[in-house]
Amino acid sequence: MNAVLHPDGLKRCPWPKQDPLYVAYHDEEWGVPEFDDRALYEKLVLDGFQAGLSWITILRKRDNFRRAFNNFDPEKIARYPKRKIESLMKDAGIVRNRAKIEGAVSSARAWLKIMESGPGFSDLLWDHLDGTPKQNRFRSIKEVPAETELSRKMSRELAGRGFKFVGPTIVYAFMQAVGMVNDHLVTCHRHAAVQKLAKAKQLILSSWPGLSRPSAP
């Protein structure tokens, strides 16, 4: 399926359809390079909760997830006692899956180890791409892969460090969402915009040696 023309005159990837929430996510977030350590943890965990579900299901519950999980503060989540897990299992505003909830806690502990002993979560992930987002040029959604050798490599490293629900398909969806790969179709109005964002960030990073990677806008 190719890019779809919307009533506002813009062509978009076909997956958000006409859902206003999904369209806003597509236009404002998906594919934008993200370098913030905490934000990357949040997105990875939410992609894990998506397993077996659609992303729009998670997106509609995202505010509830943020409330329930202390705005995805890994330091707090890593210390969740058993009673907190049981409380989350009763929260109808989120996906009540014990393995995924406990997985978020395990992943928070793994995140803390990386932050405390190096190299930092953002650097760990982005170093797989040498800090440079990959710009794909797909014309049809049928060309977009479900996983790649890079997502398999990243999946193995994350799992080896104690992260949960980080299979290669989940990791590739995560990579798409946080702009590690630009998988907007070339005829989608966001492809060029996301490509420019990636170039702008690389210019900033290359111009200021030693500068910490900034959070995405």
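Residues are numbered from 1 along each chain as its sequence is written, and side-chain values use heavy atoms, without hydrogens or water. Because the model is predicted, local features need pLDDT of at least 70 and side-chain atom pairs count only at pLDDT 80 or more, while totals for chains, interfaces and linings use all residues.

**View A. The largest cavity and its lining.** The structure holds one cavity of 30 Å³ or more. A cavity is a set of points on a 1 Å grid over the protein atoms alone, where a 1.4 Å probe fits but cannot get out. The volume of the largest cavity is about 70 Å³, counted as the space filled by probe spheres set on the points. Lining residues have an atom within 4 Å of a point. Among them are Leu44, Phe49, Lys100, Ser107 and Phe165. Helix H2 (37-50) and helix H6 (98-117) each supply at least two lining residues. Helices are DSSP runs (H or I, at least four residues), numbered from the N terminus.

**View B. Ser155 in helix H8.** Helix H8 spans residues 149-160. Ser155 has a relative accessible area of 8%, so it is buried (under 20%, with a 1.4 Å probe and protein chains only). Beyond its neighbours within four places in sequence, Ser155 is in contact with Val166, Gly167, Pro168 and Val171. Contact means heavy atoms within 4.5 Å.

**View C. Ala193 in helix H10.** Helix H10 covers residues 189-207. Gly131 is 62 residues from Ala193 along the chain, and their C-alpha atoms are separated by 18 Å.

Notes: On a 1 Å grid over the protein atoms alone, a cavity is a set of points where a 1.4 Å probe fits but cannot get out, and a pocket is an open set with protein on both sides within 12 Å along at least five of seven lines; lining residues have an atom within 4 Å of a point. Buried means under 20% relative accessible area, exposed over 50%, partly exposed in between (1.4 Å probe, protein chains only).
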